[in-house]
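Subject: Structure for you to look at

Dear colleague,

I am handing over the structure below, together with an account of what I found in it. Please read the text with the coordinates open beside you.

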Amino acid sequence: MTSSSVFFLLLACFATCAGAATFTVRNNCGFTVWPAGIPVGGGTQLNPGSTWTVNVQAGTSGGRIWGRTGCSFSGGRGRCATGDCGGAYSCSLSGQPPATLAEFTIGGGGNHDYYDISVIDGYNLPMDFSCSTGAALRCRDSGCPDAYHQPNDPKTRSCNGNSNYQVVFCP
């Protein structure tokens, strides 16, 4: 391998790896939550006290993580009482209301990420959403002041790129 091909390989890795983020999703509820995430993550089952880690690449926009409740699955298909995504265990589309949403764009503004909590689609679980280099957002009920309640609410926060995020249900 020539030095120029090594350089281009490193440059390609830097371009795709720069701005990536790690999301740690934790269930502090006294019951099972089935978190879901789009466009990355899919979905999983989180028993009380369990965590789920999702790696999100730079350039991801319109990302969402939410908790589904009251779910029953068999063979990858089923139904959830809240946040259901077309009966899929691993979501590829947004959940149905009500669903408290952790929304994000990774690498959307140069070396900055953007994140918020939204209850525009309704409220189903208390949530904390924080960035390792930014503000911690808290939502304990449908009237939470840290959340978007309508599309024009100025609640989006910025965070340095390459940050880690934490989403906690029932903090």
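Predicted model: local features only at pLDDT ≥ 70, side-chain atom pairs only at ≥ 80, totals over all residues.

Strand 2 and strand 3 form a hairpin in which three residues lie between the two strands, and within that turn Gly41 has a positive phi of about 110°.

How many of the five residues of strand 2 are buried? Five of the five residues in strand 2 (residues 34–38) are buried, so the strand is largely enclosed by the rest of the structure. Trp34, Ala36 and Ile38 point one way from the strand, whereas Pro35 and Gly37 point the other way, and all are buried. As background, side chains in a regular strand alternate between the two faces of the sheet.

For the overall picture, the secondary structure comes to one helix and 14 strands. The protein has 171 residues, of which 40% count as buried, and it exposes about 8,100 Å², with carbon and sulfur atoms supplying 52% of that area. Among the contacts with a separation of 6 or more, 59% are accounted for by residues 24 or more positions apart.

Turning to the sheet, five strands form an open sheet with mixed pairing, in the order 4-1-14-10-11. Its edge strands are strand 4 (51–56) and strand 11 (136–139), each of which pairs on one side only, and the twist averages 15° from one strand to the next. Within this sheet, strand 10 (residues 127–131) and strand 14 (residues 164–169) pair in the antiparallel sense over five bridges, and Phe129 has Val167 in strand 14 as its bridge partner.

The C-alpha atoms of Phe129 and Phe169 are separated by 9.0 Å, although the two residues are 40 residues apart along the chain.

Both of these phenylalanines also belong to the largest nonpolar core, which has 29 residues; the members that touch the most other members are Phe23, Phe104, Tyr115, Phe129, Tyr165 and Phe169. Strand 1 (21–27), strand 4, strand 8 (101–105), strand 9 (112–118), strand 10, strand 11 and strand 14 each supply at least two residues of this core. Leaving aside residues up to four places away in sequence, Tyr165 touches Ala21, Thr22, Phe23, Thr24, Ile106, Asp113, Tyr115, Phe129, Ser130, Cys131 and Cys159. A second, separate core has eight residues, including Cys85, Ala88, Cys91 and Ala99. More generally, nonpolar side chains in soluble globular proteins tend to be buried together.

Cys131 and Cys159 form another disulfide, with their sulfur atoms 1.4 Å apart in the model. Because Cys131 lies in strand 10 and Cys159 in strand 13 (residues 157–160), the pair ties together parts that are 28 residues apart in sequence. Both cysteines of this pair are buried.

Is the disulfide of Cys139 and Cys144 left-handed or right-handed? The torsion about its S-S bond is about -65°, so this disulfide is left-handed. The sulfur atoms of Cys139 and Cys144 are 2.1 Å apart, and Cys139 and Cys144 are buried.

With best regards

Terms used:
Residues numbered from 1 in each chain as written. Heavy atoms only, no water. Pairing = 2+ DSSP bridges. Helix = DSSP H or I, 4+ residues; strand = E, 2+ residues; numbered from the N terminus. Axes fitted to C-alpha atoms, helices over the stretch in contact; angles between N-to-C directions. Buried < 20%, exposed > 50% of the residue type's maximum accessible area, 1.4 Å probe, protein only. Contact = heavy atoms within 4.5 Å. Areas by Shrake-Rupley, 256 points an atom, 1.4 Å probe, with all protein chains shown as cover. Disulfide = S-S within 2.5 Å. Core = buried A, V, L, I, M, F, W, Y, C linked by side-chain atoms within 4.5 Å.
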